[in-house]
Amino acid sequence: MNLADAKISVLDRGFIFGEGIYEVMLAVEGNLLHFKNHFERLQDGAKDMQLDIQFSETKLHDLIKEVLSLNNNPFCSVYLQFTKGAAPRDHYYPTRYDPTLFIMTSPINMPPRLNVVKAILLKDIRWQKCNVKSTSLYANTWAKTKAKKSGGEEAIFERNGILTEGATSNLFLVHRNKVLTPKENEHILPGVTRELVLEIMRRKNIDHEETNISIDSLWKADELLLTSTTKGIVAVKDINGKQIGDGETFNLGVEIFQALKTLSFT
Ligand code: PMP
């Protein structure tokens, strides 16, 4: 159906409480990329929220493919959201509910080469369940807009002096040929692209470690890279007006960009 014709109840718990989970995936020529990884993360979020999505992996995959075939874009993003649907307004989870499922696809362009962006550093004011891909994204939209207003594209969060992630991305820092990325915990989203990049580094024998990264490491880094499904991998040349590395050479960024491209198109 047309986006303009889609309707949900004003009592939908997604609207009333911001209570929902979502995924953003890529599709190339009608094929969903890394669906298993996205589905597993969706299931983890659903478990946390005690939300029975009532779809098997195969059933949901078939449904998304149906939406993709209706839209027929060669390269697009797929947005998918589940909530517990409409119920009388009450903070307690409803005992019986009919979930709302919303799926939309949008055409996007794959960048031809590694994009280079500016970012800002912000205190991570988010909650302790950042591992859940929750639709309550006010802290993220607030941070992202703050970044845009200061001429950047991304906000990078730090919690007690330790870097966590970007407002819409995971981060990797390169220092003297070793790559560091924050450990998986409640302060970061277990990004699908993050996992792909880790896998690429394992295959290529690139020295890497999942560890705590201090703010100070930023100013000694050779490269700072951000990953997400829709952007792939981008390099950061400047944070709060301070240059990262030499501000223009992103050897590892370019190598991973190529490897990710190969994973998407072959
Ligand atoms: N962290 C946050 C906060 C995000 O919103 C996203 C997705 N935009 C990511 C990390 C990257 O996750 P993925 O690679 O699965 O898109």
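Modeller: Let's start with a rule: two strands pair if DSSP finds at least two bridges between them. Strands (E, at least two residues) and helices (H or I, at least four) are DSSP runs, numbered from the N terminus. What we have here is a predicted model, in which local features need pLDDT of at least 70, side-chain atom pairs count only at pLDDT 80 or more, and totals for chains, interfaces and linings use all residues. Residues are numbered from 1 along each chain as its sequence is written.

Biologist: Which residue takes a positive phi in the hairpin of E8 and E9?

Modeller: Arg176 does, with a phi near 45°; the hairpin has 2 residues between its strands. E8 and E9 are antiparallel and share 3 bridges, with His175 standing opposite Lys178 of E9.

Biologist: With which strand does E8 pair over 5 bridges?

Modeller: That is E11, again in the antiparallel sense. You can find Phe172 opposite Leu225 of E11. E8 is also mostly covered, as 5 of its 6 residues are buried (20 or more other C-beta atoms within 10 Å of their own; 12 or fewer means exposed).

Biologist: What is the strand order in the open sheet of 4 strands?

Modeller: Strands of a sheet pair through backbone hydrogen bonds, either parallel or antiparallel. Here the order is E2-E1-E3-E4, with antiparallel pairing. The edges are E2 (31-32) and E4 (100-107), each pairing on one side only. E3 (residues 75-83) is joined to E4 by 8 bridges, and Gln81 stands opposite Phe102 in E4.

Biologist: Which residues of H7 are buried?

Modeller: Leu252, Gly253, Ile256 and Phe257. They cover an arc of only 135° around the axis (taken from the directions to their C-beta atoms), so they sit on the same side of H7. Asn251, Thr262 and Phe265 are exposed on the other side. The buried residues of H7 pack (C-beta atoms within 7 Å) against E8 (170-175), E9 (178-181), H5 (192-203), E11 (223-228) and E12 (232-239).

Biologist: And how many residues surround the ligand?

Modeller: There are 13 (C-beta atom within 6 Å of the ligand). The closest are Leu189, Gly191, Val192, Thr193 and Thr229. H5 and E11 each supply at least two residues of this shell, and H5 gives the largest share, 3 residues.

Terms used:
Two residues are in contact if their C-beta atoms, placed from the backbone, lie within 7 Å.
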